[in-house]
Amino acid sequence: QVQLVESGGGLVQAGGSLRLSCAASASAFSISDMAWHRQAPGKQRELVAELTSGGSTNYADSVKGRFTISRGNARNTVYLQMNSLKPEDTAVYYCNGYGQTIYGSVWSAWGQGTQVTVSS
């Protein structure tokens, strides 16, 4: 069973930077799509950034030019580099993805979430 684990969240001043990581378990033979979502209290979970296996990226308008999604050299890890952070970016960030397991089945998973808090 594939699992995703996020890390890298924390407290940061407005204008600062953070890098979030999302690591997939070894049973993830391939990754077709990986994405970062976020959810603030009282708000719906929203898509922040998406990266396909073909290298295409999509970003929410609110983070374009500030956030960058990328894959590690091992290709089982995805990162979200967040620059010029604003208080409005405060939320719990979740990674999500799907692909094929080493057993030939399709996997889909969500991480447990990591808190990002930006102070003014």
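Arg38, Glu46, Arg66 and Asp89 are linked in a network of salt bridges. The structure examined here is a predicted model, and a search of the whole of it finds 4 salt bridges. In general terms, side chains of opposite charge can pair when their charged atoms come close.

Glutamate 46, at 30% relative accessibility, counts as partly exposed. Arginine 38 also takes part in a salt bridge with aspartate 89, where the closest N and O atoms are 3.0 Å apart. Aspartate 89 is located in the loop between strand 8 (77-82) and strand 9, whereas arginine 38 belongs to strand 4 (residues 28-39), so the pair ties together parts that are 51 residues apart in sequence. Aspartate 89 and arginine 38 are both buried.

A further salt bridge is formed by the side chains of aspartate 61 and lysine 64, at 3.2 Å from N to O. Aspartate 61 has a relative accessible area of 65% and is therefore exposed, as the term applies to values over 50%.

The structure also holds 1 disulfide. A disulfide is a covalent bond between the sulfur atoms of two cysteines. In this model the bond joins cysteine 22 to cysteine 95, with an S to S distance of 2.0 Å. Cysteine 22 is part of strand 3 (residues 18-24) and cysteine 95 is part of strand 9 (residues 91-101); the two are 73 residues apart, and the pair links distant parts of the chain. The link of cysteine 22 and cysteine 95 is right-handed, with 60° about the S-S bond. Both cysteine 22 and cysteine 95 are buried.

Strand 3, which contains cysteine 22, also contributes to an open sheet of 4 strands, arranged in the order 1-3-8-7 with antiparallel pairing. Strands of a sheet pair through backbone hydrogen bonds, either parallel or antiparallel. Strand 1 and strand 3 run antiparallel and are joined by 4 bridges. Valine 5 has alanine 23 as its bridge partner in strand 3.

In the loop between strand 8 and strand 9 lies serine 84. The phi angle of serine 84 is near 50°, a positive value in a residue other than glycine. Serine 84 has a relative accessible area of 41% and is partly exposed. Isoleucine 102 is placed in the loop between strand 9 and strand 10 (106-110). With a relative accessible area of 48%, isoleucine 102 is likewise partly exposed. Together with Phe29 and Tyr103, Ile102 makes a nonpolar surface patch of about 420 Å².

Methods. Residues numbered from 1 in each chain as written. Predicted model: local features only at pLDDT ≥ 70, side-chain atom pairs only at ≥ 80, totals over all residues. Heavy atoms only, no water. Disulfide = S-S within 2.5 Å. Buried < 20%, exposed > 50% of the residue type's maximum accessible area, 1.4 Å probe, protein only. Patch = residues over 30% accessible without salt bridge, like charges linked within 9 Å, V, L, I, M, F, W, Y side chains within 5 Å. Areas by Shrake-Rupley, 256 points an atom, 1.4 Å probe, with all protein chains shown as cover. Pairing = 2+ DSSP bridges.
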